[in-house]
Amino acid sequence: MKQVKEATVDLKSGKSPKTTADYAKYFQAPSLKDAKQRGKEEVRVHYDFTIADDMKEIGKGKRYHVRTYGCQMNEHDSETISGILEQMGYASTDNVEDADVVLFNTCAIRENAEDKVFGELGNMKRIKNNNPNLILGVCGCMSQEEKVVSKILKSYQQVDLVFGTHNIHRLPELLREAIYSKEMVIEVWSKEGDIVENMPKIREGNTKAWVNIMYGCDKFCTYCIVPYTRGKERSRRPEDVIAEVRDLARQGFKEIMLLGQNVNAYGKDFEDITYGFGDLLDEIRKIDIPRIRFTTSHPRDFDDHLIEVLSKGGNLVEQIHLPVQSGSSEVLKRMARKYSREHYLELVRKIKAAIPNVSLSTDIIVGFPGETDEQFEDTLSLVEEVRYDFAYTFIYSPREGTPAAGMEDNVPMEVKKERLYRLNEALARIGLEQNKKLEGSVQEVLVEGVSKNNDKVLAGRTRTNKLVHFVGDESIIGQYVHVRIDEAKTWTLHGEIVTKVEV
Ligand code: 5AD
Ligand code: SF4
């Protein structure tokens, strides 16, 4: 069995410990209990990220493969991981069999997300046997859970490296250790660290870009693991966000997606300035970039100033993802969402009044512990009332260490599945009705590429993020066109180009 090298760095000084005793002193096993603490420590911002000269050579002539699970935040972290690896000389490959470094950037949000990762890690055993020099790493949200790290230690000896969500900037040193030590290297910080700016990123394509505005979440919804895996809320300084968006505009990107686990809490952690998400959007909207979106919103913090800014339109698109989770005030209370059905509906009313043709999407969980038939009917009636264009729907999945995992769950799985089915049916019907309203209209579409299912057809998105298929020449990929919508389906629109748009 491989030995385990548990610690690599003194968290305070950043220096490597020298003896085994030091390792024991500095090592912090991931602990959800520690991760729950919300301290008052000041969050510093570091602008001096560099890769040591000797490490820039380490990947020369070698290849890497990053596989990403989960949300857009994770996708964006993978862009940073790729950026760091490429600065170390590695080149990317789509084929794990060709790779010298394989990293799984994992998601912990539901059990099935974790099962998928363990299945794939199992498959990597054969690949690792064929290529013993391969470095296999696990990072992302699952690494932050102690039970996952124990399971990897016990049953997944093919893994060489485990690191978490707070120390991505340490990848060069960790990789070097994994290569030279031949022991399993584990470095997971339970508590969030500082903000590290200026890490390199390899963005996919040159049309749409993700930009982080904040890290972490302090909401502690009772079902959710994210506040533990991503730490406390830390906002990037406005000038850093604005500089990044400006730079992307200069590079010719056409659409920016601002990212945060709860973007509406942006700025609440600043001690020296009073500056919120509405203020940030009000500045970003002046930058010459055609479309700006954001995700994800929490209804509790969605304030009037933000609605007012969004109503100015322009490059702030009329699309809002507003997770509701349940239509029952009783269930919302047990989820600790800190708003009621009435508050949510009032917010939707205000948003619809201020932003004409706004498109709303949401997240919904069915089968939360103790959810009654009536409470589920409340969710259905809310969906009918709001008329979402789209929704992500989930069966509740208990996450160890969260308060809801300790609640008695008396809803049988069969009932949960039936509720999910009924909810999805309602959403599909409403989605089609919403799309039908667009038949005959002309929409501004950003051409994203060739359709996945038919290479003779192009695919693009409206301002409201609806997928549109139309015939066109591949040379217009990355440009804006006007498309007349001829046929609406449940989740797609079909049409014909009428003109190219100068944006
Ligand atoms: N079980 C099921 N769904 C969950 N989500 C978060 N935690 C859980 C869980 N334990 C859903 C929520 C959230 C989305 C990202 O994932 O709907 O908004
Ligand atoms: Fe999954 Fe949440 Fe982590 Fe994103 S932040 S990868 S959704 S657990």
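This is a predicted model: local features need pLDDT of at least 70, side-chain atom pairs count only at pLDDT 80 or more; totals for chains, interfaces and linings use all residues.
Figure 1. Beyond its neighbours up to four places away in sequence, C139 touches I81, F104, N105, T106 and F163.

**Figure 2. The buried side of helix α6.** Helix α6 spans residues 146–155, and V148, V149 and I152 are buried within it. These three residues lie on the same side of α6 because they cover an arc of only 100° around the axis. An α-helix has 3.6 residues a turn, so residues three or four places apart point the same way. The packing partners of the buried α6 residues are α5 (111–130), β6 (135–140), β7 (161–163) and β8 (184–187).

**Figure 3. The shell around ligand 2.** Nine positions are shown here by name: C71, N74, C107, A108, I109, C141, V226, R230 and Q261 are the residues around ligand 2. Sorted by class, this shell contains six nonpolar, two polar and one charged residues. Ligand 2 lies between domain 1 (4–30 + 42–187) and domain 2 (203–317), because both domains give residues to the shell.

**Figure 4. Domain 1 and domain 2 in contact.** The domain assignment of the chain lists domain 1 (4–30 + 42–187), domain 2 (203–317) and domain 3 (442–500). Where domain 1 and domain 2 meet, the contact takes 18 residues from domain 1 and 21 residues from domain 2. A distance of 27 Å separates the C-alpha centres of domain 1 and domain 2.

**Figure 5. L258 and the nonpolar cores.** The largest nonpolar core holds 70 residues, and L258, F277, L281, I320 and I351 have the most contacts inside it. Another core, of 31 residues, lies apart from this one and includes V96, F118, L136 and V188. In soluble globular proteins, nonpolar side chains tend to be buried together. Leaving aside residues up to four places away in sequence, L258 touches, among others, V211, I213, V245, V263, F277, L281 and I284. Further contacts of L258 include I292, R293, F294 and T295.

**Figure 6. V348 in helix α13.** V348 belongs to helix α13, which runs over residues 341–354. With a relative accessible area of 4%, V348 is buried. The C-alpha atoms of V348 and E271 are separated by 31 Å, and the two residues are 77 apart along the chain.

Figure 7. A cis peptide bond, with omega about 5°, links T295 to T296. T296 sits in the loop between β14 (291–295) and α11 (304–310). F220, a residue other than glycine, has a positive phi near 50°; its loop lies between β11 (214–215) and α8 (226–229). K338, likewise a residue other than glycine, has a positive phi near 65° and occupies the loop between α12 (329–334) and α13. The relative accessible area of K338 is 45%, so K338 is partly exposed.

How values were computed: Residues are numbered from 1 along each chain as its sequence is written. Chains are lettered from A and ligands numbered from 1 in the order in which they are written. Side-chain values use heavy atoms; hydrogens and water are left out. Buried means under 20% relative accessible area, exposed over 50%, partly exposed in between (1.4 Å probe, protein chains only). Helices (H or I, at least four residues) and strands (E, at least two) are DSSP runs, numbered from the N terminus. The arc is that of the directions from the helix axis to the C-beta atoms. Contact means heavy atoms within 4.5 Å. A residue is near a molecule or strand if one of its heavy atoms lies within 4 Å of it. Ala, Val, Leu, Ile, Met, Phe, Trp, Tyr, Cys and Pro count as nonpolar, Asp, Glu, Lys and Arg as charged, and the others, Gly among them, as polar. Domain bounds come from an automatic or database domain assignment. A nonpolar core is a set of buried Ala, Val, Leu, Ile, Met, Phe, Trp, Tyr and Cys residues joined through side-chain atoms within 4.5 Å.
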